[in-house]
Amino acid sequence: MPVDAASQAEREQIERPDGADLVVGILDAEHAGESGAILAMAREALGGLTGISRAVVLCNNGVLSPDPVVPEAQGADVAPSVILLNLQAPDAAEPHPRSRFQAYRSVLATAAKLEARACAVIASAPHAAMPQWIYRLVQPILELGFDLVAPHYTRHRMEGLLNTSILSPLCRALYGEHLQNPMGPDFAVSAKLLQLLLDQDPGVHRGNGGNVAASIASTAICGGLQVCESHLGARAQPPTDWMNVSSLLAEVLGPVFLDVERQAASWQKIRGSRPTPGFGSPEEVTEVSGVVDVHRMIESFQLGAQTLQEIWGIVLPPTTLLELRRLSRLPPDHFRMPDELWVRIVYDFALGHRLRTISRDHLLRSLTPLYLGWIASYALQVETAGPAEIEARIEQLSKAFETSKPYLVSRWRWPDRFNP
Amino acid sequence: MWDQVAQDLSHSMTGMLSRLAGLLPGLVGLVLALLLSALVTWAAVAILRRSLTAVHFDRRVAQWGFPALAELSPARSPTLLVVRVMACLLMLLGFLIGISAFDVTLTSELAFRVFAYLPNVLAAAFVLAAGNLIARFLARSVLIGAVNMNLQYARLLSAGVKWLVTVLSVAMALEHLEIGGGIIRLAFGILFGGIVLALALAVGLGSKELVSRSLDREAGKAASQNFQEPVGHL
């Protein structure tokens with residue numbers, strides 16, 4: 001992983017022999033032009049940690065002062081010395097997720113270069129909570145010996161839908177860890193995990209579009225490293241772009257399915273799951289009352305069921321297609337997608353991605369109406385539910401993923417065998 | 001007089017029979033060439049099929065990014081397709097060699113012309129195959145994209161794109177085969193123009209929906225789904 005995003009002066013700083021104990025990447029454009037504030041926040045976060053003599057903060061907003069390096073001038077003997085470096089500004093022409101993946105790679109590469117004991121990436125912290133987030137992510141690594149600290153956010157019922165519906169239960173079923181957000185976007189890794197990530201075949205990283213975040217959790221778990229979660233509170237999220245859901249699915253699920261393929265030998269041996277140790281206390285979810293209009297999503301699902309049968313038929317077995325057709329005829333008020341059906345769809349798409357029975361981009365984009373159908377069904381189910389009921393609903397889905405794991409294993413090993 | 005008639009008849013019959021007898025070695029040669037080529041074809045096909053099966057050719061074709069080739073193949077097996085194409089080519093070669101055995105100027109010229117025409121046939125076949133693959137790929141892209149944009153006429157758009165590319169590739173193949181000439185160009189122009197016009201009308205009539213969605217998008221992405229609470233995917 002080259003340090004390709006740093007300037008010459010920054011490289012000189014990075015290559016100084018004294019290295020750093022901690023590298024923090026702040027990948028949020030909201031903090032543009034706040035070099036002083038970022039340094040102050042980093043100092044505040046590091047104040048509670050012991051054994052840190054030098055920390056490097058990387059910021060990717062690209063619009064800080066033209067001087068690439070802003071060293072912390074005061075109190076190097078008393079407090080940890082903090083250095084702020086700029087990562088290259090994201091290319092405006094590049095899609096947002098791809099520039100984010102580049103930034104992840106640069107932060108991890110810098111941490112490896114500096115032989116840091118821990119590396120944290122902060123991508124969605126609200127301004128006021130930044131110091132606490134840095135502390136909560138880094139502390140379990142530096143003081144408790146964990147290797148990966150994944151985030152646990154306080155979410156409203158309609159937040160983190162892709163995580164709720166696919167990423168988290170898939171990670172739980174395949175790798176046996178209950179992680180709310182296996183792909184971050186905020187996380188911290190130890191030097192050991194960093195080394196494992198860097199030792200992976202670079203071709204794999206090129207193949208998965210550089211989305212290193214997709215393989216962090218699986219690499220840690222399959223490598224036998226210590227994984228935990230840290231309760232961070234509510235996160236700052238950009239407004240949802242409903243017109244580009246298919247691009248999002250392709251960007252996120254492509255690398256995840258590639259990683260599933262890469263780790264196939266490991267996850268086929270894992271049985272059951274266990275709760276992941278958690279740090280910090282979960283915050284109360286503030287109740288938001290609102291009307292959820294799911295009609296358009298159901299329409300989208302119905303249109304998909306009418307027109308994409310031919311494409312779905314390449315990856316889904318006939319019984320699933322039959323159930324989908326039946327589901328598309330239900331009136332909106334009774335629209336409910338059974339968990340078992342959704343789980344089989346996800347598993348069959350993961351298998352279809354592996355077998356390349358159709359173009360991978362087509363495959364992932366054709367999942368969009370099904371995903372919107374699941375959201376509609378979920379939204380109707382939790383419309384009047386409280387936090388505890390929502391948790392129970394998510395738990396039920398996760399268990400369905402675990403229960404159906406033998407189906408995936410069987411299809412993975414014998415893809416040509418008929419599966420009713 | 002009758003003697004002369006009988007003599008003429010006998011001459012013509014002898015000539016006819018001797019000409020037929022002259023053709024016999026050629027016919028035997030043709031049959032032998034066909035038998036030999038059938039034997040060679042059988043052996044070559046058996047070796048080729050075993051080799052392709054051994055290297056998992058069907059799976060590799062899909063992995064190389066040509067899953068559509070399986071759909072075009074008999075029994076959805078690209079191996080079978082390659083084997084059958086090879087068998088046809090070998091049999092054709094044997095037939096042409098057999099024809100040459102007649103040692104008649106006409107047959108030799110025929111064989112020469114067929115050989116000279118073969119590159120055109122191969123080029124046309126390649127253009128048709130490539131056109132078919134591209135048409136399927138583009139049709140699928142358009143179908144998925146249109147469904148994801150919630151356009152009700154997604155199937156029509158997809159079919160339009162598929163036919164556009166198919167008509168284009170067929171016209172190009174006919175051009176390579178030197179069949180039709182000006183008529184093909186004229187027919188292609190009319191057909192292509194007709195499809196474009198039909199698509200333009202379909203899109204134009206249905207564009208109200210598209211414009212309203214674009215306006216939705218401009219007005220506010222989250223608002224387009226009427227959610228009044230925080231919504232996010234990741």
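In chain A, strand β2 (residues 54–59) and strand β4 run parallel and are joined by six bridges, two strands being taken as paired if DSSP finds at least two bridges between them. Within this pairing, Val56(A) has Ile83(A) of β4(A) as its bridge partner. The model described here is a predicted one, in which local features need pLDDT of at least 70 and side-chain atom pairs count only at pLDDT 80 or more, while totals for chains, interfaces and linings use all residues. Residues are numbered from 1 along each chain as its sequence is written, and chains are lettered from A and ligands numbered from 1 in the order in which they are written.

Strand β4(A), residues 81–86, is mostly covered, with six of its six residues buried; a residue is termed buried if 20 or more other C-beta atoms lie within 10 Å of its own, exposed if 12 or fewer, and partly exposed in between, with C-beta atoms placed from the backbone. In a regular strand the side chains alternate between the two faces of the sheet.

Chain A contains 18 helices and nine strands, helices (H or I, at least four residues) and strands (E, at least two) being DSSP runs numbered from the N terminus. Of its 420 residues, 51% count as buried, and among contacts in chain A between residues at least 6 apart in sequence, 84% join residues at least 24 apart. Chain A is divided into domain 1 (8–279) and domain 2 (295–413), with bounds that come from an automatic or database domain assignment. Between these domains, 22 residues of domain 1 are in contact with 25 residues of domain 2. On the side of domain 1 that touches domain 2, the elements that give two or more residues are α5 (161–175) and α9 (245–262) of chain A, and the largest share, nine residues, comes from α9(A). By class, this side has 13 nonpolar, six polar and three charged residues, where Ala, Val, Leu, Ile, Met, Phe, Trp, Tyr, Cys and Pro count as nonpolar, Asp, Glu, Lys and Arg as charged, and the others, Gly among them, as polar.

Several local features of the backbone of chain A fall in loops. The peptide bond from Gly184(A) to Pro185(A) is cis, with omega near 15 degrees, and Pro185(A) is found in the loop between α5 and β7 (187–190) of chain A. Glu115(A), in the loop between α3 (96–113) and β5 (118–122) of chain A, has a phi near 55 degrees, a positive value in a residue other than glycine; with 14 other C-beta atoms within 10 Å, Glu115(A) is partly exposed. In helix α13 (residues 318–328) of chain A, where Leu322(A) is found, that leucine counts as exposed, with 11 C-beta neighbours inside 10 Å. The C-alpha atoms of Leu322(A) and Gln309(A), 13 residues apart along the chain, are separated by 9.9 Å.

Chain B has seven helices and zero strands. Of its 234 residues, 17% count as buried, and among contacts in chain B between residues at least 6 apart in sequence, 63% join residues at least 24 apart. Helix α4 (residues 78–100) of chain B has 23 residues and should span 33 Å at 1.5 Å a residue, which agrees with the 33 Å between its end C-alpha atoms, the expected span being 1.5 Å times one less than the number of residues. In α4(B), the buried residues include Pro78(B), Thr79(B), Val83(B), Gly94(B) and Gly98(B). Glu178(B), in the loop between α6 (154–177) and α7 (182–219) of chain B, has a positive phi of about 55 degrees although it is not a glycine, and Glu178(B) is exposed, with 11 other C-beta atoms within 10 Å.

Definitions and conventions. Two residues are in contact if their C-beta atoms, placed from the backbone, lie within 7 Å.
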